[in-house]
There are 2 protein chains.
Amino acid sequence: MNRQTAEALPTDIPAALLADARRRAVRAGDILFRQGDIPRTILFILSGEIRLVRHGPAGEEIILQRGRGGFLAEASLWSPRYHCDGVAAESGEILEIPREAFERVLEDDGDFQRAWMRHLAGEVRRLRAQCERLSLHGAAERVIHYLESEGEDGRVRLSQSRKSWARELGLSHEALYRVLRRLRDEGVVVAEGDTLWLRQGLKRR
Amino acid sequence: MNRQTAEALPTDIPAALLADARRRAVRAGDILFRQGDIPRTILFILSGEIRLVRHGPAGEEIILQRGRGGFLAEASLWSPRYHCDGVAAESGEILEIPREAFERVLEDDGDFQRAWMRHLAGEVRRLRAQCERLSLHGAAERVIHYLESEGEDGRVRLSQSRKSWARELGLSHEALYRVLRRLRDEGVVVAEGDTLWLRQGLKRR
DNA sequence: CGTACTTTTGAATCGCATCAAATCTGGTGG
DNA sequence: CCACCAGATTTGATGCGATTCAAAAGTACG
């Protein structure tokens, strides 16, 4: 998941964008925008992690997206209001690019335009994969689906705590710990620190 | 959900696209493409319903998207393979637009380009809403979330059977019937044929 | 008018959420 | 350097709600 932007967008941002961008440091917990705010800037994450978050009826956090590097909150470009909160999950640095500047460059720079559309299409694919994963009923199936679809060769380096991974999978953290334990005991999944992978040949159960 | 394309795209397709498009009738059950196929055309739905479908480990159907009118399978424009099946849910008509023609028009027609990006951004928003819904744990919460986010004023005209609505909500059809019954008994939801809506002031439980 | 599918209800089961509590971890300040 | 604290990790017990299996009634369509 933390690869998507790096591969979908040019590594170097067009100079015209950088000219108007404001660099800004953020710390864990900083709220960059709130649901209902009017989007005035596009965010580009230089380092750290920003999350798009909504809250369920009981107040629990629902993570819509975790961004580590690359543009964030793309959908809000065309919408009058943010439909979720933007929260820094750890300290890092971002670029704030004024919306008008972004739209101007998008208008003028054909290469950037193409890259941007590819980026959006990639987001659509990624979100569809997440919907598919959340449609699976078993905890084990979701974990395996995650390893298969987010990793390279079923190998994933987690860039977050297991607790927040659990929320991303739509599970309680206890359920995730338990299923990881079971999958490890059964030899389906191997865990080594932050890195998890599937032992090939054993994908089911 | 069946509004999204109509509002996000110009009602009239650019003439340059129509020139190369092939009109085609489909019947319920027709498979338009399969996961793994190489995308050669972009589909535009004139009537009927096309679904993007994947299959879970137990073979059960997972509906990634239902398209009623408008472009479909946009993400596949930039990807070498389809990542899901395309199946007609009912008889209808589609336009098949060759990929090269689509890319050419996208290159030349600035208005169409903007409309397309807006469309993609809308898809991202729609998918995020679906992820949020699937992250909710209770069946009632998902139904209410659907009515709130997909309807006008919490009022929705279902364009599908409740059984396939259940799959879209990530529920068994029995669970959906039961929760609808309960919500109706409690006076939270009113059902009148295909149309469902929330009785205002009572959103929880 | 028959057949296939949806809708609806019932009963039993199972998995996950929830509540609880102990341990471990990294980071902070004394 | 150590004590301390907040949060993550891990395990246990319990209950609820959704799945599953089953079956009947309703409905659409040829």
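User: How many bridges join strand β4 (residues 50–55) of chain A to β7(A)?

Analyst: Start with the general idea. Strands of a sheet pair through backbone hydrogen bonds, either parallel or antiparallel. In this structure, four bridges join β4 (residues 50–55) of chain A to β7(A), and the two run antiparallel. Leu52(A), for example, stands opposite Gly86(A) in β7(A). Two strands count as paired if DSSP finds at least two bridges between them. Strands are DSSP runs of E with at least two residues, helices are runs of H or I with at least four, and both are numbered from the N terminus.

User: What should I know about the model and its labels?

Analyst: This is a predicted model: local features need pLDDT of at least 70, side-chain atom pairs count only at pLDDT 80 or more, and totals for chains, interfaces and linings use all residues. Residues are numbered from 1 along each chain as its sequence is written, chains are lettered from A and ligands numbered from 1 in the order in which they are written, and side-chain values use heavy atoms, leaving out hydrogens and water.

User: Which strand order does the open sheet of four strands have?

Analyst: The order is β2-β7-β4-β5 in chain A, with antiparallel pairing. The edge strands are β2 and β5 (61–67), each pairing on one side only. From one strand to the next, the twist averages 35°. Angles run from 0 to 180 degrees between N-to-C directions, with axes fitted as lines to C-alpha atoms, for helices over the stretch in contact. Ile31(A) has Val87(A) as its bridge partner in β7(A).

User: Which three strands form an open sheet with antiparallel pairing?

Analyst: They are β9, β11 and β10 of chain A, in the order β9-β11-β10. β9 (155–157) and β10 (189–192) each have a single partner strand, so one side of each is left without a neighbour in the sheet. Neighbouring strands are turned by 15° against each other on average, direction ignored. Three bridges pair β9(A) with β11 (residues 195–198) of chain A. Within β11(A), Thr195(A) is the residue opposite Arg157(A). Helix α5 (residues 139–150) of chain A lies across β9, β10 and β11, running at about 95° to β11(A).

User: How many helices and strands are there in chain A?

Analyst: Chain A has seven helices and 11 strands. Of its 205 residues, 54% count as buried. Buried means under 20% relative accessible area, exposed means over 50%, and partly exposed lies in between (1.4 Å probe, protein chains only).

User: What is the area buried between chain A and chain B?

Analyst: The size of an interface is often given as the accessible area lost when the parts come together. Here the buried area is about 3,900 Å², and carbon and sulfur atoms give 67% of it. That area is summed over both parts, with a 1.4 Å probe. Trp78(A), Met117(A) and Arg128(A) supply 20% of what chain A buries against chain B, more than any other three residues. The contact (heavy atoms within 4.5 Å) takes 38 residues from chain A and 38 residues from chain B.

User: How many salt bridges does the rule find across the interface of chain A and chain B?

Analyst: Side chains of opposite charge can pair when their charged atoms come close. The rule asks for a side-chain nitrogen of Lys or Arg within 4 Å of a carboxyl oxygen of Asp or Glu. It finds six salt bridges across this interface. One of them joins Glu123(A) and Arg128(B), at 3.9 Å from N to O. Arg54(B) also forms a salt bridge with Glu132(A), with the closest N and O atoms 2.6 Å apart. This pair crosses from strand β4 (residues 50–55) of chain B to helix α4 (residues 110–135) of chain A. Arg54(B) and Glu132(A) are both buried.

User: Which side chain meets Arg104(B) in a salt bridge?

Analyst: That of Asp20(B), at 3.1 Å from N to O. Arg104(B) lies in helix α3 (residues 99–108) of chain B and Asp20(B) in helix α2 (residues 15–20) of chain B, so the pair ties together parts 84 residues apart in sequence. Arg104(B) is partly exposed at 42% relative accessibility. Asp20(B) is partly exposed too, at 37%.

Notes: Buried area is the accessible area (1.4 Å probe) that two parts lose on being put together, summed over both.
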